[in-house]
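Here's a quick briefing on a two-chain model, meant to be read with the coordinates open. Have a look first, then work through the points.

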Amino acid sequence: MRGIKEPISNTSIIEKRIRKELEAKYGPILDEVTVKAVKMRELEALRKVQATIERARLKLLRMKDMMRLRQEVRREYTKRLKDCSEKHLKSEDPRIDSEEKAEVVFTEVYY
Amino acid sequence: MSVTALLVKPGEGFVETPFIKDITERALSYLRAGFSINLAGPTGSGKTTLAFHIARQWGRPVVLIVGSEDVTSSSLIGGEFGYSRRYVVDRFISSVLKVEESFHKVWFDERLVIACRNGFTLIYDEFTRVRPEVNNILLPVLEDRMLILPSALGEGYVRVHPMFRAILTSNPEEYAGVYKAQDALLDRVITISLKGFDEETEIKITMARGHVPYHVARKIVRIVRRLRESGLCEYTPTVRSCIMIAKVISQQNITLHSEVFRKICFDILSPKIGRGRSGDINAEVLLNEVLGEVMNERD
């Protein structure tokens with residue numbers, strides 16, 4: 001069943017590319033050990049890049065979470081402030097609860 | 001800012017005769033019926049003292065306004081004086097800086113508002129010396145029991161306390177620096193016309209305030225009353241003249257038959273006699289005549 005293509009693995013593509021480069025530089029490579037060593041180094045580098053990307057993704061998620069939380073807190077705070085001022089304004093006479101209400105001082109006088 | 005309310009008490013010079021009791025009782029019955037009163041009478045008829053006495057009997061603290069050309073609506077109800085500034089730096093979330101700044105005018109209540117709100121008694125002394133349009137503020141207070149306040153926010157209302165009453169005093173005979181009282185205001189109050197005290201009350205007042213014995217006070221009062229009743233004086237001599245004469249002679253230990261007493265009477269009473277209503281009266285002659293009559297009277 002040679003008609004069915006086997007899935008091309010990343011490894012084989014890299015292997016081919018490395019081999020091509022090396023052959024272009026040094027001529028045909030026959031040493032399997034060298035090929036394997038180069039392949040391993042390339043894989044290691046890839047893993048590192050992958051780990052960096054993963055860390056960045058997690059950081060982004062954390063930031064997003066934090067922003068959402070802050071927004072929620074701010075919304076709650078604004079709502080409570082608004083409730084508070086509404087309650088403060090409720091009065092029959094606008095001056096009745098105001099701090100400008102004059103103080104009454106009593107003095108004894110004789111007529 | 002504070003407003004002074006008075007707790008009025010009778011002083012040692014205050015006397016309560018049947019005459020004063022009668023007026024006080026009448027006034028209190030009007031106050032109890034929910035009306036405010038106006039004590040109208042000439043100078044020296046005891047309007048202000050009676051107003052204080054009635055207020056004392058009514059039993060509420062007193063707020064006193066003395067009428068003059070300078071009294072304005074703001075002096076009665078208050079006004080917006082100065083500004084108040086509010087500056088808020090909101091650091092509730094450390095990374096968010098929120099600054100709020102607001103200014104608003106500050107309202108201060110004056111005596112009429114304090115009296116209406118707390119149910120104090122307003123004594124508005126000589127209210128006819130105030131421009132009539134200023135007194136318009138009293139009309140809804142006396143009729144609808146509602147004080148209307150102007151405000152930048154719209155109109156504010158103060159419901160008048162059920163115990164609030166106004167005691168106005170006015171002198172219908174005065175001609176300088178007074179305005180005619182508004183019909184609308186007089187229509188809302190009960191006016192008690194005071195014609196001056198009876199002889200017995202004047203004697204008691206002269207005794208209490210002038211610190212003289214009864215027989216001395218009686219002679220002084222008779223001299224002053226005789227002058228008043230003659231109708232010849234340019235200005236009517238009042239019980240104040242009696243108190244002045246009594247105080248001076250009691251301090252100096254002067255007897256009624258001495259020449260000094262005659263001179264004191266002349267100094268105090270001759271400006272009242274002036275040139276007389278007809279313009280041809282000699283004060284000294286008239287006073288000597290009255291003094292002679294009163295001093296020779298048998299007690």
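Strand β3 (residues 62–66) of chain B is mostly covered, with four of its five residues buried (buried takes 20 or more other C-beta atoms within 10 Å of a residue's own, exposed 12 or fewer, partly exposed in between, with C-beta atoms placed from the backbone). This is a predicted model, so local features need pLDDT of at least 70 and side-chain atom pairs count only at pLDDT 80 or more, while totals for chains, interfaces and linings use all residues. Residues are numbered from 1 along each chain as its sequence is written, and chains are lettered from A and ligands numbered from 1 in the order in which they are written.

**Strands within chain B**

- β3(B) runs parallel to strand β6 (residues 121–125) of chain B, joined to β6(B) by five bridges (strands pair if DSSP finds at least two bridges between them).
- In that pairing, B:V63 sits opposite B:L122 in β6(B).
- Helices (H or I, at least four residues) and strands (E, at least two) are DSSP runs, numbered from the N terminus.
- B:V88 belongs to strand β4 (residues 78–90) of chain B.
- B:V88 is exposed because 9 other C-beta atoms lie within 10 Å.
- B:V88 and B:K98 are ten residues apart in sequence, and their C-alpha atoms are 8.0 Å apart in space.

**Where the chains meet**

- On the chain B side, 30 residues are in contact with 19 residues of chain A (contact puts C-beta atoms, placed from the backbone, within 7 Å).
- β1(B) gives the most to the side of chain B that touches chain A, with eight residues.
- That side of chain B divides into 20 nonpolar, eight polar and two charged residues (Ala, Val, Leu, Ile, Met, Phe, Trp, Tyr, Cys and Pro count as nonpolar, Asp, Glu, Lys and Arg as charged, and the others, Gly among them, as polar).
- Strand β1 (residues 103–110) of chain A runs parallel to β1(B), with eight bridges joining them.
- A:Y110 is opposite B:K9 in β1(B).

**A helix pair in chain B**

- Helix α9 (residues 214–230) of chain B packs against helix α12 (residues 283–296) of chain B at about 135°, axes 10 Å apart (axes are lines fitted to C-alpha atoms, for helices over the stretch in contact, and angles run from 0 to 180 degrees between N-to-C directions).
- That angle makes α9(B) oblique to α12(B) (under 35 degrees is roughly parallel, over 145 roughly antiparallel, 65 to 115 roughly perpendicular, the rest oblique).
- B:K219, B:R222, B:I223, B:R226 and B:L227 in α9(B) meet B:V290, B:L291, B:E293 and B:V294 in α12(B).
- By class, this contact of α9(B) with α12(B) has five nonpolar, no polar and four charged residues.

Key
Two residues are in contact if their C-beta atoms, placed from the backbone, lie within 7 Å.
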